[in-house]
Amino acid sequence: MIKTILIVLVVILVALLIYAASKPDTFRVQRSITIKAAPDKIFPLINDLHNMQAWSAWEKVDPGMKRSYSGSANGPGAVYEWDGNKEIGQGRMEILEINPPVKLMLRLTFIKPFPAENTVEFTLQAEGGVTHVTQAIYGPSPFLSKMMSLVFSMDKMIGGKFEEGLAALKTIAEK
């Protein structure tokens with residue numbers, strides 16, 4: 001009886017490992033919002049990493065985290081580093097590329113709780129009197145991430161924070 005239970009458990013574990021391994025090798029999460037403001041008004045709120053404290057939902061996770069800025073004041077070379085609690089971890093972001101006022105790309109490097117390097121991209125598309133703002137994160141999905149996706153949804157976790165941040169960005173930009 002115990003032997004049968006062990007065999008069933010091993011088969012289930014192997015099936016889960018195979019299923020996780022079959023998941024895509026990359027991921028992408030994105031959210032969009034429409035803001036009643038011109039891209040010229042919205043872009044500076046994204047291009048200066050100091051402004052993130054006013055609109056990024058991640059800033060609310062650990063308001064007491066240590067923050068530091070280096071490099072350029074804004075645009076390519078601007079760097080923001082943080083060290084926070086277990087929920088927010090430790091990491092660094094750097095603006096890599098801008099095409100004002102329609103696109104901004106960042107390198108997002110996580111140090112803790114686990115190392116990872118991803119790309120964050122903002123695109124702004126004007127249409128009439130509004131701007132469609134899209135925030136996306138994408139990058140490799142190593143086996144550990146694939147395993148974790150069996151337990152929780154990165155799309156819901158990250159996407160929910162993107163929605164909160166974009167809503168706050170909208171409030172600020174529409175003032």
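What follows is a set of questions and answers on this predicted model.

Student: How many helices and strands are there in the chain?
Tutor: Start with the order of the elements. From the N terminus on, they run α-β-α-α-α-β-β-β-β-β-β-α-α. Counted by type, the chain has 6 helices and 7 strands.

Student: What does the C-alpha trace span along its principal axes?
Tutor: The chain has 175 residues, and buried residues make up 35% of them. Of the contacts with a separation of 6 or more, 51% join residues 24 or more positions apart. The C-alpha trace of the chain spans about 70 × 35 × 25 Å.

Student: How far does helix α6 reach from its first C-alpha to its last?
Tutor: Helix α6 covers residues 154-173, which makes 20 residues. At 1.5 Å a residue, 28 Å is expected. The helix comes close to that, with a reach of 28 Å.

Student: Which elements do the buried residues of α6 pack against?
Tutor: First, the buried residues themselves: I158, G159, F162, G165, L166, A168, L169 and A173. An α-helix has 3.6 residues a turn, so residues three or four places apart point the same way. The partners of the buried residues of α6 are β1, α2, α3, α4 and β7.

Student: Is R31 buried or exposed?
Tutor: R31 has its place in strand β1. Its relative accessibility is 17%. The cut-off for buried is under 20%. Because 17% falls under that cut-off, R31 counts as buried.

Student: Which side chain makes a polar contact with the side chain of R31?
Tutor: Look at what R31 touches, leaving out residues up to four places away in sequence. The list is V133, T134, Q135, D155, G159, F162, E163 and L166. At 3.0 Å, the polar contact is with the side chain of D155.

Student: Which element supplies the largest share of the lining of the largest pocket?
Tutor: The largest pocket holds about 870 Å³ of space. Of its 41 lining residues, W58, L108, F110, I137 and I158 are the closest to its centre. Several elements each supply at least two lining residues, including β5, β6 and β7. The largest share, 6 residues, comes from α6.

Student: How many nonpolar residues are in the lining of the largest pocket?
Tutor: Sort the lining by class. There are 5 charged residues and 7 polar ones. The nonpolar residues number 29.

Student: Which element gives the most to the lining of the second largest pocket?
Tutor: This pocket has about 230 Å³ of space. It is lined by 14 residues, and T26, F27, S141, S149 and M154 lie nearest its centre. By class, the lining has 5 nonpolar, 5 polar and 4 charged residues. With 4 residues, the element that gives the most is β1.

Student: Why does L49 count as buried?
Tutor: L49 is found in the loop between α2 and α3. Leaving aside neighbours within four places in sequence, L49 is in contact with Y69, A78, V79, Y80, M93, I95 and L106. Buried means under 20% relative accessible area. L49 is buried because its relative accessible area is 2%.

Student: What separates the C-alpha atoms of L49 and A168?
Tutor: Along the chain, L49 and A168 are 119 residues apart. A168 is one of the buried residues of α6.

How values were computed. Residues are numbered from 1 along each chain as its sequence is written. This is a predicted model: local features need pLDDT of at least 70, side-chain atom pairs count only at pLDDT 80 or more; totals for chains, interfaces and linings use all residues. Side-chain values use heavy atoms; hydrogens and water are left out. The expected span of a helix is 1.5 Å times one less than its number of residues. Buried means under 20% relative accessible area, exposed over 50%, partly exposed in between (1.4 Å probe, protein chains only). Contact means heavy atoms within 4.5 Å. A polar contact is a pair of N or O atoms within 3.5 Å; within protein, one must be able to donate a hydrogen and the other to accept it, and residues adjacent in sequence count only if both atoms are side-chain atoms. On a 1 Å grid over the protein atoms alone, a cavity is a set of points where a 1.4 Å probe fits but cannot get out, and a pocket is an open set with protein on both sides within 12 Å along at least five of seven lines; lining residues have an atom within 4 Å of a point. Grid points are joined across faces, edges and corners, and a volume is the space filled by probe spheres set on the points. Ala, Val, Leu, Ile, Met, Phe, Trp, Tyr, Cys and Pro count as nonpolar, Asp, Glu, Lys and Arg as charged, and the others, Gly among them, as polar.
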